[in-house]
Structure formats: C-alpha cells, structure tokens
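Take a walk through this protein, from the overall fold to single residues. Keep the sequence and the structure side by side as you read.

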Amino acid sequence: MTDETSSVDTDLAEYIGGAATAHTDSRIVVIGAAGEMTRTAVEQLAIYETGHVLVLADIDETKARSLANRLAPGRAVAAGLDLFDEQQLDSLVAGARLVIN
C-alpha cells in the first residue's frame, strides 16, 4: 500500500458512507479477488448473486479495480487489502453478509 492508497478504496468508502449505509449487510467481500482462481468465482457471483454488491479486495488494487470495471455497472467495488493489517481487514469485513477467501 502506498500513501496515496487509502485503507479502503474511495468507491467502497462512498458506497458504505453514502446512501447505501443501511445496506452494508448486502455486501459480499471477496478476499484475493484478482487472483487467477478467484476471478472466475467473482464473475459467477456477479451473474447469480444480483442482490449483493461485491467488494473485490486484493493486495493488487489495480487488478481488483480492473476486474470490477469488467463487471456490470454497480455490481462491484474494488478495495486494496493487506491481510497483515488487522485494522484494515476488520473495517473491510465489518457488516458484510458473506466473506469469501
């Protein structure tokens, strides 16, 4: 993570802090979302879990954002995540309906 990268991506912060705050329990957090195998699972979740917003968390935020941008608009937001940062991890998964690792 760089100083320019916040612990939670701006899109995600706006989602959680904005009008959707009441719907934080509709989030599915996918850790390692930009990974080779997880990417396929994310694509399937985007198709079949339409009632949830996917939070694509990965150490490589650029890849997570690229994946989020390939999905239908509004289906996913990207977040940079360092699993060794407990505070960052806790804030990302707090209130999530489901966490997939």
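Of the contacts in the protein with a separation of 6 or more, what share falls to residues 24 or more positions apart? That share is 60%.

Keep in mind that this is a predicted model. Its mean pLDDT is 82, and 75% of the residues reach 70 or more. Confidence is not even along the chain. Residues 1–9 stay under 50, and the model gives them 13 contacts beyond four places in sequence. Residues 16–23 are also below 50, with seven contacts beyond near neighbours in sequence. Where pLDDT is low, the predicted coordinates should not be read in detail.

Now the layout. The protein has four helices and four strands. Starting at the N terminus, the elements run α-β-α-β-α-β-α-β. Of the 101 residues, 38% are buried.

Begin with strand 2, residues 53–58. How many of the six residues of strand 2 are buried? Six of the six are, so strand 2 is largely enclosed by the rest of the structure. In a regular strand the side chains alternate between the two faces of the sheet. Here both faces of strand 2 are covered. V53, V55 and A57 are buried on one side, and L54, L56 and D58 are buried on the other.

Strand 2 pairs with two other strands. With strand 1 it runs parallel, joined by five bridges. In strand 3, A76 is the bridge partner of L54, and G80 is the bridge partner of D58. To get from strand 2 to strand 3, the chain passes through helix 3, residues 61–70, and this β-α-β crossover is right-handed. Strand 1, helix 2 and strand 2 also make a right-handed β-α-β unit.

Strand 3 covers residues 76–80, and five of its five residues are buried. Both of its faces are covered. A76, A78 and G80 lie on one side, with V77 and A79 on the other.

Turn to helix 2, residues 36–48. Which of its residues are buried? They are V42, L45 and A46. These residues span an arc of only 100 degrees around the axis, which puts them on the same side of helix 2. An α-helix has 3.6 residues a turn, so residues three or four places apart point the same way. What lies over the buried residues of helix 2? The cover includes strand 1, strand 2, helix 3 and strand 4. The face turned away from the buried side carries the exposed residues E36, M37, I47 and Y48.

Finish at helix 4, residues 86–93. At its start, a side-chain oxygen of D85 comes to within 3.3 Å of the backbone nitrogen of Q87. Just after helix 4, G95 takes a positive phi of about 80 degrees.

To put the pieces together, go back to strand 2. Helix 2 belongs to the right-handed unit with strands 1 and 2, and helix 3 lies on the right-handed path from strand 2 to strand 3.

Definitions and conventions. Residues numbered from 1 in each chain as written. Heavy atoms only, no water. Polar contact = N/O pair within 3.5 Å; in protein donor to acceptor, adjacent residues only side chain to side chain. Buried < 20%, exposed > 50% of the residue type's maximum accessible area, 1.4 Å probe, protein only. Pairing = 2+ DSSP bridges. Right-handed = clockwise from strand over helix to strand, strands pointing away. Arc of directions from axis to C-beta. Contact = heavy atoms within 4.5 Å. pLDDT = per-residue confidence, 0-100.
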